Amino acid sequence: MDGNEQNSERRRDPLFVAILLAVCGASIWLLLLPFFSTVARISLKRFHLATESFPLWCVQAPIPSMYNFGNQYEIRDLPEDLITPVLDSRRPRYINHYPSRIVTFANGRYALLQPGQDRWLTYWSSYRGQKLETKVHIKPLGNGRFEYVRQSSEFIDPKDVDFVLSGAN
Amino acid sequence: MATADASMKIGEAKIERSQLGSERVVSAYLIVQIGLFVGLAWKWSYFSMADKVYHLWPLSDPFFPPWLQSAETVRWAYVITLGAIVLGVAGMLATVRSVCAAVQAAALAFLLVHQASYNDMTFATSLWVSIWVCWFTTRMNRDEPYELLNRAAFLSRAIASMILLGGAVGKWTPEYWSGEVFYDIYFLERDYWVFNYLRDHYDPETLRTLATWYSRKVIAIETLFGFTLWLLPPKLAAAFGVAIFFSIAFLSNFLLYSVLACMIGLCAVGFFARRR
């Protein structure tokens with residue numbers, strides 16, 4: 001192998017180019033977020049595990065999203081239509097990202113599932129005027145097993161929710 | 001005779017420079033892997049507790065395939081990631097290093113989409129850093145050391161910029177600009193030295209105002225460096241990157257080092273770069 005071949009071998013670095021393209025792709029996607037409502041909606045659905053397909057959700061997983069969006073959750077131990085002693089009865093609380101983590105991640109899962117009862121959760125995530133509301137029923141199946149039942153996930157008028165939330169204070 | 005001596009000296013200097021360069025390449029690799037390992041092991045006791053919770057209270061959700069809900073698979077993916085880092089560092093052979101780096105990146109990608117760990121940004125930052133490690137190990141014994149280190153530093157700046165941009169863009173929303181989110185998450189109750197100190201010394205109204213400016217400071221720094229970090233000279237970018245990622249955790253939440261230790265290691269690569 002002569003010097004020129006060695007140089008061209010060094011310069012051929014497709015993995016470097018591929019990673020740089022992935023970084024550029026993720027950055028462009030992030031920069032579209034504030035300007036295109038479709039991109040914001042796809043990203044909000046990602047946070048509620050409400051993406052249309054699992055592969056589409058997986059593709060978004062590496063896109064950095066630390067402390068993104070205004071995410072809130074509310075936990076009830078009775079269905080929504082009943083007046084209920086809510087676990088945290090003061091008001092819906094903010095959470096840094098992925099509000100669904102309140103029941104899927106370790107400490108939240110322990111706090112909510114350990115008593116072995118039904119739970120009704122509502123999550124809201126909002127970004128520049130778009131608000132996604134998701135309702136979930138956590139249903140005990142016996143022997144410590146639970147089922148995550150998605151009741152609804154829809155975009156709503158933020159004003160309606162702000163009214164409800166201020167009423168809950 | 002004098003010419004032969006001079007060319008011998010130049011040759012020796014070149015070899016010395018090349019050896020020094022190779023040592024720097026290995027040091028850059030080690031510092032990134034140490035950052036990754038520290039970050040992943042940072043919440044070891046928390047993850048041990050989580051492992052018990054996932055085994056005791058399985059949560060069935062048709063959104064995830066069964067193998068991405070299993071308490072066994074998340075446990076093994078985590079252990080394999082740590083094992084691959086240790087083996088890659090201890091292995092020394094180029095092939096072992098590359099294979100281990102590929103395994104650690106694959107295991108982290110798995111953790112990033114598992115029901116039990118998708119929300120933990122530890123696995124998002126660690127995955128990007130492991131992808132960098134994966135690439136770096138394929139070039140360590142092939143490229144001229146200083147040329148490689150300059151490219152490695154550029155890639156590390158690009159990744160760090162993207163991570164900061166990801167934090168910034170999601171906060172360009174009224175809930176963060178007003179400080180409402182940070183007030184609720186940190187200022188109200190969080191047991192951490194910064195917030196304990198502020199609660200002890202300021203009334204609730206001032207605390208709410210401080211939350212607003214704390215939030216705007218975070219948005220400003222993430223936005224500024226998200227856009228510019230990759231453009232800065234390697235050493236300056238490394239200094240800013242290390243300081244920013246270190247201070248984010250230091251000023252908000254000690255547990256965040258699990259997310260940011262790998263970013264600190266990755267940014268430090270810039271310190272090994274040299275002008276041609």
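## Helix 3 of chain A

In this predicted model, helix 3 of chain A is followed by Leu49(A), a residue whose phi is positive, near 55°. Within helix 3 of chain A itself, the buried residues are Val39(A), Ala40(A), Ser43(A), Leu44(A), Arg46(A) and Phe47(A). Because these residues cover an arc of only 150° around the axis, they lie on the same side of helix 3 of chain A.

## The largest cavity

The structure holds two cavities of 30 Å³ or more, and the largest cavity has a volume of about 70 Å³. Its lining is made up of Trp29(A), Leu30(A), Leu33(A), Ser43(A), Arg46(A), Phe47(A), Gln60(A), Ile63(A), Ser65(A), Asn68(A) and Phe69(A).

Sorted by class, the lining of the largest cavity has six nonpolar, four polar and one charged residues. Ser43(A), Arg46(A) and Phe47(A), which are among the lining residues, are also among the buried residues of helix 3 of chain A.

## The second largest cavity

The second largest cavity, with a volume of about 40 Å³, is lined by residues of chain B, namely Ser156(B), Arg157(B), Ala160(B), Leu229(B), Pro234(B), Ala237(B), Ala238(B), Cys267(B) and Gly270(B). The elements that give two or more residues to the lining of this second largest cavity are helix 6 (145-169) and helix 11 (234-250) of chain B. By class, the lining of the second largest cavity divides into six nonpolar, two polar and one charged residues.

## Ser126(B) in helix 5 of chain B

Elsewhere in chain B, Ser126(B) is found in helix 5, which spans residues 121-139. Ser126(B) has a relative accessibility of 1% and therefore counts as buried, the cut-off being under 20%.

The side chain of Ser126(B) reaches the backbone oxygen of Thr122(B) at 2.6 Å. When residues up to four places away in sequence are not counted, Ser126(B) touches Leu36(B), Leu40(B), Leu108(B) and Cys262(B).

Terms used. Residues are numbered from 1 along each chain as its sequence is written. Chains are lettered from A and ligands numbered from 1 in the order in which they are written. This is a predicted model: local features need pLDDT of at least 70, side-chain atom pairs count only at pLDDT 80 or more; totals for chains, interfaces and linings use all residues. Side-chain values use heavy atoms; hydrogens and water are left out. On a 1 Å grid over the protein atoms alone, a cavity is a set of points where a 1.4 Å probe fits but cannot get out, and a pocket is an open set with protein on both sides within 12 Å along at least five of seven lines; lining residues have an atom within 4 Å of a point. Grid points are joined across faces, edges and corners, and a volume is the space filled by probe spheres set on the points. Ala, Val, Leu, Ile, Met, Phe, Trp, Tyr, Cys and Pro count as nonpolar, Asp, Glu, Lys and Arg as charged, and the others, Gly among them, as polar. Helices (H or I, at least four residues) and strands (E, at least two) are DSSP runs, numbered from the N terminus. Buried means under 20% relative accessible area, exposed over 50%, partly exposed in between (1.4 Å probe, protein chains only). A polar contact is a pair of N or O atoms within 3.5 Å; within protein, one must be able to donate a hydrogen and the other to accept it, and residues adjacent in sequence count only if both atoms are side-chain atoms. Contact means heavy atoms within 4.5 Å. The arc is that of the directions from the helix axis to the C-beta atoms.
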